[in-house]
Amino acid sequence: MAVDPALPEFARPIEDGQPWPRPACPKCQTGYISFSAPTEYEGHDSASARNHPAFEPEWISGTFVVRGQCENPECQQAVHGTGDYRVDYSHRSNRDDYEYQGVAYSSYYTVTHLHPPMLIMPIPKSAPDEVREGVLRASRVLFADPGLAATALRATVERFLTSEGISATRLTGQFRNAHERIKEWRDADSNRPTVADLFFAVKWLGNVGTHEDSDLTTMEVLDGARVLDEAFHRLFTGPDIDAQARVINAVKGPSRQP
């Protein structure tokens, strides 16, 4: 399973009246989250501006909440979202939107938080707990702080290296940088360079995310998640599938326990 294609849709403003993305349920991973219509809360400054003689609908803004629920009847996990909204010209073709002086307007919703968070990438079942926690940390801040999410993805690589026995510190107690640790892990096995290159890419994005002037976008972080997903697919999922294929080939059919 690759990075959920619904996540990039949350990275863009969602126009009122348009279908909301249906991400995979973070609990059961088999159902999809269906969202109801958002509830708007106009900001005080925005509401006060309505009395201004030059008022335009584009001045309207505020916050919103939205509720989703897993469509799987065996799960029905609730998901709550929050964020900011603003009013602007409508892009809908079948406009039944708010009209002002003959012009159609819509609300546009920008998600900043989803709880529980949508997983930024799938977590292989055979991955160590350290990797699982790293992915969860990145997922929690994906929309609110993309730079921090990229940093958390880099930390996920380092968590994996620690689980592989690649020390985070030198004998002197000084911390080692991620680049040095990835190189040590890569050089220990001739089959690892291609995966190490993927780790390096995630590391570079994470480095950008740590800068105080970081301007990383959610879409760029999701690109990094796709790279890390491929790395973990090769490390965890690929070997499991290879082993399953060897069993099928050995018995020339499905392996059935007596």
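**Glu-164 and its partner**

In this predicted model, Glu-164 has a relative accessibility of 37% and therefore counts as partly exposed. The side chain of Glu-164 meets that of Arg-192 in a salt bridge, with an N to O distance of 3.7 Å. Because Arg-192 belongs to the loop between helix 5 (178-187) and helix 6 (193-210), while Glu-164 belongs to the loop between helix 4 (146-163) and helix 5, this pair ties together parts that are 28 residues apart in sequence.

A search of the whole structure finds twelve salt bridges, and one of them brings together the side chains of Glu-71 and Arg-22, at 2.6 Å from N to O. Glu-71 is located in the loop between strand 4 (61-70) and strand 5 (78-89), and Arg-22 in the loop between strand 1 (14-15) and strand 2 (33-35), so that the contact ties together parts lying 49 residues apart in sequence. With a relative accessibility of 40%, Glu-71 counts as partly exposed, and Arg-22, with 42%, likewise counts as partly exposed.

**Cysteines without a disulfide**

How many disulfides does the model contain? The count comes to zero. A disulfide is a covalent bond between the sulfur atoms of two cysteines, and the rule applied here requires the two sulfur atoms to be within 2.5 Å. For Cys-25, the closest cysteine sulfur is that of Cys-75, and because the two sulfurs are 3.7 Å apart, they are too far from each other for a bond. Cys-75 is accordingly in no disulfide, its nearest cysteine sulfur being that of Cys-25 at 3.7 Å.

Are these two cysteines buried or exposed? Cys-25 counts as buried, with a relative accessibility of 0%, and Cys-75 also counts as buried, with a relative accessibility of 17%, which is under the 20% cut-off for that class.

Methods. Residues are numbered from 1 along each chain as its sequence is written. This is a predicted model: local features need pLDDT of at least 70, side-chain atom pairs count only at pLDDT 80 or more; totals for chains, interfaces and linings use all residues. Side-chain values use heavy atoms; hydrogens and water are left out. Buried means under 20% relative accessible area, exposed over 50%, partly exposed in between (1.4 Å probe, protein chains only). A salt bridge is a side-chain nitrogen of Lys or Arg within 4 Å of a carboxyl oxygen of Asp or Glu. Helices (H or I, at least four residues) and strands (E, at least two) are DSSP runs, numbered from the N terminus.
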